[in-house]
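The following paragraphs lead the reader through a single structure, step by step. Please keep the sequence and the model in view while reading.

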Amino acid sequence: MSSIVRKVITSKKIPKAVAAYSHAIVADRTVYCSGMLGLDVDTLKLVPGGAGPQAAKALEHITNLLAEAGSGIDKVVKATVLLGDMNDYAVVNEEYKKVFSSSFPARTCFGGMKLPLGAAVEIEVVALTGAVVNISE
């Protein structure tokens, strides 16, 4: 029976974990990223300005984490967006479209969530590593 690689991924470009979790796990050729908040790397405080800036920062952290895992935004197959308030959907979606500009991944969005540290948004993704051929219909 062949082995499957399981590797813990982190990066100095993202905030340290604030609880008992790994930032990401690569299992074979799939990257499972934990939910990212819009935290400042140095202060571990939420960036000011609410859902938009927090979403932008969380997506920046995801981009950096995926790079560390040998993946990238273009290899994301599933995203989950958690919102403290569903009224922030439009502003978060605008930040999301700046990062995922084409060939959007599958996505789920939940609203009305009580998020860690009082965050307005948390985003997690699942991505692939290695050579990926994107086919759109």
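How many aromatic pairs does the structure hold? In this predicted model, there is one aromatic pair. The partners are Y96 and F100, whose ring centres lie 4.6 Å apart and whose planes meet at 35 degrees, so the pair is tilted. The cut-offs explain the term: planes under 30 degrees apart would count as stacked, and those over 60 as edge-to-face. Both Y96 and F100 are buried.

Apart from neighbours within four places in sequence, I62 is in contact with M36, I73, I123 and V125.

Is E122 buried or exposed? E122 is buried, yet has no salt bridge; K114, the nearest side chain of opposite charge, is 13 Å away. A salt bridge would require a nitrogen and a carboxyl oxygen within 4 Å. When neighbours within four places in sequence are set aside, the residues in contact with E122 are G35, M36, L37, T80, V81, L82, L115 and P116.

Salt bridges do occur elsewhere: a search of the whole structure finds three. One joins the side chains of E60 and K57, at 3.5 Å from N to O. These two residues stand three apart in helix α1, and therefore about one helical turn separates them. E60 counts as partly exposed, because its relative accessibility is 38%.

K97 forms a salt bridge with E94, their closest N and O atoms being 3.2 Å apart. Since K97 and E94 are three residues apart in helix α2, about one helical turn lies between them. K97 is partly exposed, with a relative accessible area of 38%, and E94 is likewise partly exposed, at 42%. The side chains of K98 and E95 also meet in a salt bridge, at 3.2 Å from N to O. Here K98 is exposed, with a relative accessible area of 60%, whereas E95 counts as buried, at 17% relative accessibility.

Definitions and conventions: Residues numbered from 1 in each chain as written. Predicted model: local features only at pLDDT ≥ 70, side-chain atom pairs only at ≥ 80, totals over all residues. Heavy atoms only, no water. Phe/Tyr/Trp six-rings, centres within 6.5 Å; stacked < 30°, edge-to-face > 60°. Buried < 20%, exposed > 50% of the residue type's maximum accessible area, 1.4 Å probe, protein only. Lys, Arg positive; Asp, Glu negative; His and termini not counted. Contact = heavy atoms within 4.5 Å. Helix = DSSP H or I, 4+ residues; strand = E, 2+ residues; numbered from the N terminus.
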